Amino acid sequence: MTTDHPAPHSVSPHELTRLAARVGECLRERGWRLATAESCTGGWVAKTITDIAGSSDWFDRGFVTYSNAAKQEMLGVDAGLIGQHGAVSAPVVRAMVAGALAHSQAEIALAVSGIAGPGGGSPEKPVGTVWFAWGQAGGASVTRRACFAGDREAVRAQAVRTALLSLLEWLNAPLPRKTDG
């Protein structure tokens with residue numbers, strides 16, 4: 001799924017806290033724990049989550065894998081995958097989710113990798129491009145790309161909001177039903 005400029009640049013700390021608390025409620029109801037694997041957000045998602053009192057009940061750990069080497073060493077992301085698709089891509093965030101699940105006690109994980117700027121963009125992946133993935137142990141992961149406007153701080157804040165909001169939407173989505181056939 002792709003989203004271009006999904007929200008205004010301004011993201012309030014209160015909004016992030018509210019979203020993190022709602023994520024926590026959903027995880028607590030299910031008895032699940034979350035792990036995060038973050039690149040461009042530098043641990044901001046994990047910080048927002050751990051600002052919530054009692055989050056140790058539903059947050060297992062966070063991986064800040066800013067460099068490609070960290071993605072490989074901490075999460076087991078294949079160097080060839082990064083070389084072929086780039087660190088900011090669906091295959092890499094999918095591998096980050098798998099690595100976070102494999103290296104934690106969490107039932108679900110989310111990953112974020114993007115180009116916050118002001119440099120580092122290209123025509124194919126301009127500044128503001130961020131890839132997200134969410135996944136459950138033993139299940140498939142879901143990816144989403146967003147293109148945010150604004151300066152470095154605005155891109156990163158919008159990425160944190162999108163990570164939490166989309167995780168919340170994913171947690172609240174109806175489970176697929178088995179069909180006879």
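A pocket is an open set of grid points with protein on both sides within 12 Å along at least five of seven lines, and its lining residues have an atom within 4 Å of a point. In the predicted model examined here, the second largest pocket is lined by eleven residues. Among these, S12, P13, L16, W44 and T48 lie nearest the centre of the pocket. The space within the second largest pocket amounts to about 150 Å³. Its lining comprises five nonpolar, four polar and two charged residues, and helices α1 and α2 each contribute at least two residues to it.

Helix α1 spans residues 13-30 and thus holds 18 residues. From its first C-alpha to its last, α1 reaches 26 Å, close to the 26 Å expected at 1.5 Å a residue. The buried residues of α1 are E15, L16, L19, A20, V23, G24, C26 and L27. An α-helix has 3.6 residues a turn, so residues three or four places apart point the same way. The cover over the buried residues of α1 includes strands β2 (34-38) and β4 (108-114), together with helices α2 (44-50) and α6 (152-172). Just after α1, G31 adopts a positive phi of about 70°.

Strand β4, one of the elements covering α1, contains A111. With a relative accessible area of 1%, A111 is classed as buried because this value falls under 20%. Apart from neighbours within four places in sequence, A111 is in contact with A37, V93, M96, V97, W131, F132 and A133. A separation of 14 Å lies between the C-alpha atoms of A111 and Q72, which are 39 residues apart along the chain.

When residues up to four places away in sequence are not counted, C40 touches Y66, V112, S113, G114, V130 and R156. C40 and V155 are 115 residues apart in sequence, yet their C-alpha atoms are 9.2 Å apart in space.

The peptide bond from G117 to P118 is cis, with omega near 5°. Most residues other than glycine have a negative phi, and most peptide bonds are trans.

Terms used:
Residues are numbered from 1 along each chain as its sequence is written. This is a predicted model: local features need pLDDT of at least 70, side-chain atom pairs count only at pLDDT 80 or more; totals for chains, interfaces and linings use all residues. Side-chain values use heavy atoms; hydrogens and water are left out. Helices (H or I, at least four residues) and strands (E, at least two) are DSSP runs, numbered from the N terminus. The expected span of a helix is 1.5 Å times one less than its number of residues. Buried means under 20% relative accessible area, exposed over 50%, partly exposed in between (1.4 Å probe, protein chains only). Contact means heavy atoms within 4.5 Å. On a 1 Å grid over the protein atoms alone, a cavity is a set of points where a 1.4 Å probe fits but cannot get out, and a pocket is an open set with protein on both sides within 12 Å along at least five of seven lines; lining residues have an atom within 4 Å of a point. Grid points are joined across faces, edges and corners, and a volume is the space filled by probe spheres set on the points. Ala, Val, Leu, Ile, Met, Phe, Trp, Tyr, Cys and Pro count as nonpolar, Asp, Glu, Lys and Arg as charged, and the others, Gly among them, as polar.
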